[in-house]
Amino acid sequence: MTAAIIDGKVFAAGIRARVAEHVTRLRQEHGITPGLAVVLVGEDPASQVYVRNKGRMTVEAGMQSFEHRLSAETSEADLLALVQRLNADPAVHGILVQLPLPGHMNADLVINAIDPAKDVDGFHISNVGRLGTGQKAMVPCTPLGCLMLLRDRLGSLSGLDAVVIGRSNIVGKPMAQLLLGDSCTVTLAHSRTRDLPQVVRRADIVVAAVGRPGMVTGDWLKPGATVIDVGINRIETAPGETRLVGDCDFDSCAKVAGAITPVPGGVGPMTIACLLANTVTACCRAKGIPEPE
Ligand code: NDP
């Protein structure tokens, strides 16, 4: 069997185009331009790339982008004061504080200071609780993107066995909640899981969010399984040469799976697209305007 390739790049471009259409309608019919504020503290190179891309795509979708770059020495109190200003700013509908934060800051405190209605990353404790209890929430972007790809590929997920590998607050746990919300039977695996290959072999849906290059191999999969590879790992292929790979060994998995996301070009592009979609949703909810589907 050769798996179908789930093209996240094309799917994400479609989401961004729909977001841009919605933004145009908001401006024409309501005189509103959604605004996304992104806060970066310090000079983490990967975070700088993410923030630049987020800013560019926000503007491309016709929204306002507010970038706040603070030095790594910024005090927690100053960051909290900025978050409060953004909470109060009517031009800002979404706020994202790029993680990781420098070690002297308490990330939970900072994230929980964001107005939950503007928490487009969905990391605020109140959004986490809402998602867990099936209430309307801001949903974390990466797992939301994975869910969209799965629904597009499989239609109804009801009754399917899903294994999520990785239990982080930003990917694994919300992914498990979303799959549960779609009536999957969910197993949330992690580094202490016993006989992981055997656990994964039961799954119709495998979501790998671990950070270990090529960990999931084809012999772990049930034939025909749908594999969503969240991992982004940079490996050295030759001295001075690197490339990005996922948590799944693509070649062996593609021989067994029914469908699989590539890395790059799978889940990655979905994350920013969902961030833009969440910003429009936050804007519509704030204004009492019907939100996009
Ligand atoms: P974390 O490091 O926060 O979590 C990793 C998880 O993997 C932990 O729950 C850990 O278990 C588990 N794990 C580690 N080793 C094993 C193992 N041998 N067997 C089973 N489980 C294991 O990572 P994130 O969730 O933040 O990210 C995961 C991956 O996804 C990374 O590669 C990251 O770069 C990528 N990512 C991609 C995004 C995108 O946009 N595509 C967005 C966010 C992340 P335990 O809890 O027991 O330690």
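## Helix packing, ligand shell and backbone features

In this predicted model, helix H2 (residues 45–60) packs with helix H10 at an angle of about 50°, and their axes are 10 Å apart. On the H2 side, Asn53, Lys54, Met57 and Thr58 take part, and they meet Ile272, Leu275 and Leu276 of H10. By class, this contact has 4 nonpolar residues, 2 polar and 1 charged.

H10 (residues 268–287) also packs with helix H1 (residues 8–30); here the axes come within 8 Å and cross at roughly 20°. H1 is therefore roughly parallel to H10, and the crossing is left-handed. From H1, the contact takes in Gly8, Lys9, Phe11, Ala12, Ile15, Arg16, Val19, His22, Val23, Leu26 and His30, while H10 supplies Gly268, Pro269, Met270, Ala273, Leu276, Ala277, Val280, Cys283 and Lys287. The residues of this contact divide into 13 nonpolar, 4 polar and 3 charged. Leu276 of H10 is listed in the contact with H1 and in the contact with H2.

| Helix pair | Axis distance | Crossing angle | Handedness |
|---|---|---|---|
| H1 and H10 | within 8 Å | roughly 20° | left-handed |

The domain assignment of the protein chain gives domain 1 as 30–115 and domain 2 as 141–269. Their centres, taken over C-alpha atoms, are separated by 29 Å.

The ligand has 25 residues around it, of which Gly166, Ser168, Ser191, Gly211 and Thr271 come nearest. By class, the shell consists of 12 polar, 10 nonpolar and 3 charged residues.

Some backbone features lie in loops. A cis peptide bond, with omega near 0°, runs from leucine 99 to proline 100; proline 100 sits in the loop between strand E4 (94–97) and helix H4 (107–111). The peptide bond from valine 263 to proline 264 is likewise cis, with omega near 0°, and proline 264 is placed in the loop between strand E11 (259–260) and H10. Serine 183, a residue other than glycine, has a positive phi, near 65°. Serine 183 belongs to the loop between helix H7 (172–181) and strand E6 (185–189).

Note on methods:
Residues are numbered from 1 along each chain as its sequence is written. This is a predicted model: local features need pLDDT of at least 70, side-chain atom pairs count only at pLDDT 80 or more; totals for chains, interfaces and linings use all residues. A residue is near a molecule or strand if its C-beta atom, placed from the backbone, lies within 6 Å of it. Ala, Val, Leu, Ile, Met, Phe, Trp, Tyr, Cys and Pro count as nonpolar, Asp, Glu, Lys and Arg as charged, and the others, Gly among them, as polar. Axes are lines fitted to C-alpha atoms, for helices over the stretch in contact, and angles run from 0 to 180 degrees between N-to-C directions. Helices (H or I, at least four residues) and strands (E, at least two) are DSSP runs, numbered from the N terminus. Angles under 35 degrees count as roughly parallel, over 145 as roughly antiparallel, 65 to 115 as roughly perpendicular and the rest as oblique. A crossing is left-handed if the near helix is turned anticlockwise from the far one by less than a right angle, and right-handed if clockwise. Two residues are in contact if their C-beta atoms, placed from the backbone, lie within 7 Å. Domain bounds come from an automatic or database domain assignment.
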